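Visitor: Please bring up the model, and then let us go through it by question and answer.

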Amino acid sequence: MTRSSRSSSGVACVVLAAALGAPLGAAPVVTQDTPASILVALPHDTGPVRNTSAQPQVVASFPVIVQGARWLRLHFADVELSGDVFSGSGAILRITSLYDGHVQELDAVGIEQWGRSSAYFNGDTLLVEIVAPPAQDASRARLALVSASDLNAPLSVCTNADQRVLSSDPRMGRAMPVGCTAWIVNDCNSCLITAGHCAITPDNLDVIEFNVPLSLADGSPLHPAPQDQYAVDDSSTQSTGFAPLGADYAHFGCFPNPSTGLTPFEAQGARFTLAPPPAFQAGANLRVTGYGQRATPPEWNLAQQTDDGAWSGSQATTLLHQVDTTGGNSGAPIVLDASGEAIGIHTHAGCSPFGGSNGGTRSDHPGLAAYLAVPQGVCAAGLSLVGGPLVSVSALGATPLLAQAGGGFVPGTATLHYSFDNAPFVAQPLVAGAGGLFSGAFPPAPCGATVRYYLSIESSVCGVLTQPPGAPNTSFSAPAVGFEFVLRSEDFEQDSGWSTSTTTAFAGSWERGVPVNDPLWGFDPLADFDGSGQCWLTQNTQGNSDVDGGEVVLTSPPLDLRGGAVALRYAYYLFVTVADGSDGLRVEASDNGASGPWRSVALHTSSGGTSWRNHEVRASDLAAAGVAATGDVRVRFVAFDGALGTVVEAGVDAFRVVRSTCAQIESYCSSGAGGATLTAQGTASLSADDLVLRAGPVPAQKFGLFFCAREKRSSVLPIGVRCLGLPARLLPVQLSGNSQVLDYALDFGALAPTFDFQAGELWNFQCWFRIGGGASELSDALQVVFTP
């Protein structure tokens with residue numbers, strides 16, 4: 001369900017009132033900060049481009065023009081940059097403003113850290129280029145949207161006589177696109193603090209700008225050079241979201257700038273000291289510095305300004321003050337002038353020509369202290385995993401790992417620690433590369449093992465830091481896999497049997513198609529995930545199209561998971577404006593077709609902004625949920641809206657069913673009393689067609705046959721253990737002769753149509769044979785995963 005109003009940037013806005021409980025005038029309300037902007041659809045695809053020369057060169061270029069715009073920001077549907085980013089020789093996406101010549105260069109890691117978006121550029125014309133190294137794979141860029149200034153921005157001023165003056169505090173940043181204030185704080189990794197309502201989703205709190213210039217004569221904001229802009233690490237953000245006065249705060253960090261390699265603190269060289277407020281001192285001088293809106297002079301609009309005023313009230317978690325602020329000041333530090341320490345966070349407006357007070361959250365709020373005590377993402381460690389934690393580790397060869405360092409660190413201390421099946425951790429130094437990158441690799445792991453791992457680095461300020469925090473008591477984990485076979489791959493370009501239904505929702509039904517990307521509805525994805533064009537989305541139409549009042553369901557066709565060892569992988573899109581669990585995307589599975597029962601195997605409730613994310617439901621997840629590996633497993637995606645006044649937009653793309661096995665051919669089960677075993681010669685390749693089954697020892701001159709089935713079962717019979725499920729398919733009868741073995745060559749081309757072996761399928765084989773006197777016996781069994 002949608003909020004009651006939203007700004008022209010597509011970011012929803014809510015005005016919250018908070019009872020103050022003090023006779024100081026009207027209660028402060030949360031300020032509206034977002035500078036007005038528009039989204040313009042300007043799709044452009046460079047197509048695959050290569051450098052065939054012997055030197056790096058520009059292989060693609062195109063202009064981006066929004067006439068009359070004061071500033072622009074680019075949003076790409078997809079960017080593929082070839083080459084070796086670790087060595088610093090990869091392709092570069094270069095963006096240049098033709099207004100002031102500012103340049104941003106992003107490699108394959110940088111473009112992902114920036115959420116496939118650019119910095120903010122001044123002017124209405126940009127030049128986009130791909131600079132590629134020689135003799136590398138193709139590169140490609142697909143532009144989708146452009147954010148541009150809107151000259152019809154409403155401004156508001158707290159008092160009739162605005163006392164703010166220009167300021168140049170290096171510790172202050174402008175948060176974009178939400179248009180708030182953020183500031184560097186003296187925690188371990190010198191991260192940042194702002195208001196909770198400035199960090200509702202990753203799209204609100206996306207870029208932090210320092211050294212911001214004055215605005216244009218009409219009030220349109222100008223932006224600093226890309227070297228002074230920093231992408232926010234979404235995984236580091238801890239935020240209350242919209243919250244009442246005295247409970248509105250957020251803590252987060254930024255990736256190093258891709259051009260300078262510096263963090264905000266390293267570049268700016270200063271940070272605030274966060275201190276608890278002293279006992280209330282009525283009239284004591286407080287200061288608020290930030291990037292507030294301003295009508296006169298217009299050049300000061302959204303530029304850094306400061307003012308001081310009286311401390312007017314204090315409660316358990318609330319500070320009140322009479323310092324001039326406007327929209328855009330939200331998140332600014334409330335500084336006690338006498339000490340220069342930050343004792344609060346400005347969040348709410350309440351002063352007027354007739355009195356009242358502005359307000360904020362005290363610096364000693366227990367919730368803020370909890371955020372600072374358990375930082376996340378780049379705020380928690382000097383190293384972050386590029387691309388996130390690994391889905392799996394290979395049992396067949398080395399598995400590479402790439403990490404990004406932030407902040408000052410001691411050279412030679414970056415380390416990967418790994419453990420196989422709870423063995424002691426092994427420390428492996430990481431290799432330093434360009435731009436603060438570090439590389440390492442896991443050795444081949446025992447197939448089926450659980451691999452635990454973490455990263456560590458020694459900070460020059462904070463000592464040894466780990467990722468995840470608390471390691472080795474906490475660690476990342478991933479399964480060790482051998483061979484992987486894709487059993488089903490869906491890009492949703494064609495109708496493949498998925499169905500939709502609605503339970504209680506009255507809007508937002510699932511639809512398959514190319515995302516409409518409405519520039520006036522900022523909650524939808526810019527494009528599909530895999531670049532094929534189409535995906536499944538909740539009500540893929542212009543305007544207000546989210547899920548309202550209940551659940552909408554997307555159900556798969558039958559999935560054949562017989563044989564087990566199967567994982568479900570998919571890309572999902574989820575934009576929610578409230579992350580309290582009442583809205584989200586639930587994934588369920590049934591091993592009994594559409595009849596159920598349906599069991600939950602994954603739950604997504606956090607917003608990813610306008611970015612797609614990947615998830616894997618492992619075989620162990622299915623088993624833990626009680627979902628058996630049958631021939632008619634169904635999966636359904638349930639987008640649900642359980643809260644009033646919220647937005648829920650969901651999507652699904654790149655759905656895959658993947659089988660992982662430690663060996664293509666593997667024995668299992670137990671044989672009969674005679675100890676006959678089943679072996680294989682040749683390979684499991686369907687194209688090689690050289691697989692021969694052999695059972696022995698068996699009595700000479702006895703008949704027997706091989707049989708096969710998709711499912712396993714252990715049934716104890718008088719003649720041995722039947723290791724296969726039903727139905728079983730019988731291969732032709734064979735005679736052992738004098739060699740005491742039974743052989744059968746699987747000639748795939750000559751087999752009956754019922755033996756329709758497919759690549760990736762797991763089949764089980766066993767042998768039955770006569771032993772004389774009317775008696776018979778069984779061999780053990782063989783599992784075969786067929787390959788192309």
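Visitor: Among the contacts in the protein chain with a separation of 6 or more, what share do residues 24 or more positions apart account for?
Guide: This is a predicted model, in which local features need pLDDT of at least 70, side-chain atom pairs count only at pLDDT 80 or more, and totals for chains, interfaces and linings use all residues. Residues are numbered from 1 along each chain as its sequence is written, and side-chain values use heavy atoms, with hydrogens and water left out. A contact means heavy atoms within 4.5 Å. Of the contacts in the protein chain with a separation of 6 or more, the share from residues 24 or more positions apart is 75%.

Visitor: How many helices and strands does the protein chain have?
Guide: Helices (H or I, at least four residues) and strands (E, at least two) are DSSP runs, numbered from the N terminus. Counted in this way, the secondary structure of the protein chain comes to four helices and 57 strands.

Visitor: Why is the protein chain described as being as compact as a globular protein of that length?
Guide: The radius of gyration is taken over C-alpha atoms, and the globule rule is 2.2 Å times the number of residues to the power 0.38. For 788 residues this rule gives 28 Å, and the chain is called as compact as a globular protein of that length because its own value is close to that, at 31 Å.

Visitor: What percentage of the 788 residues is buried?
Guide: Buried means under 20% relative accessible area, exposed over 50%, and partly exposed in between, with a 1.4 Å probe and protein chains only. By that criterion, the buried part of the 788 residues in the protein chain is 54%.

Visitor: Which residue in the turn between strand 7 and strand 8 has a positive phi?
Guide: Strand 7 also pairs with strand 8 (residues 103-106), in the antiparallel sense over four bridges, and Ile-95 stands opposite Gln-104 there. The two strands form a hairpin with five residues between them, and the residue in the turn with a positive phi, of about 80 degrees, is Gly-101.

Visitor: Which residue in strand 32 is the bridge partner of Ala-432?
Guide: An open sheet of four strands has the order 26-28-32-31, with antiparallel pairing, and its edge strands, each pairing on one side only, are strand 26 (383-385) and strand 31 (431-432). Strand 31 pairs with strand 32 (residues 437-442) in the antiparallel sense over two bridges. In strand 32, the bridge partner of Ala-432 is Phe-438.

Methods: Two strands pair if DSSP finds at least two bridges between them.
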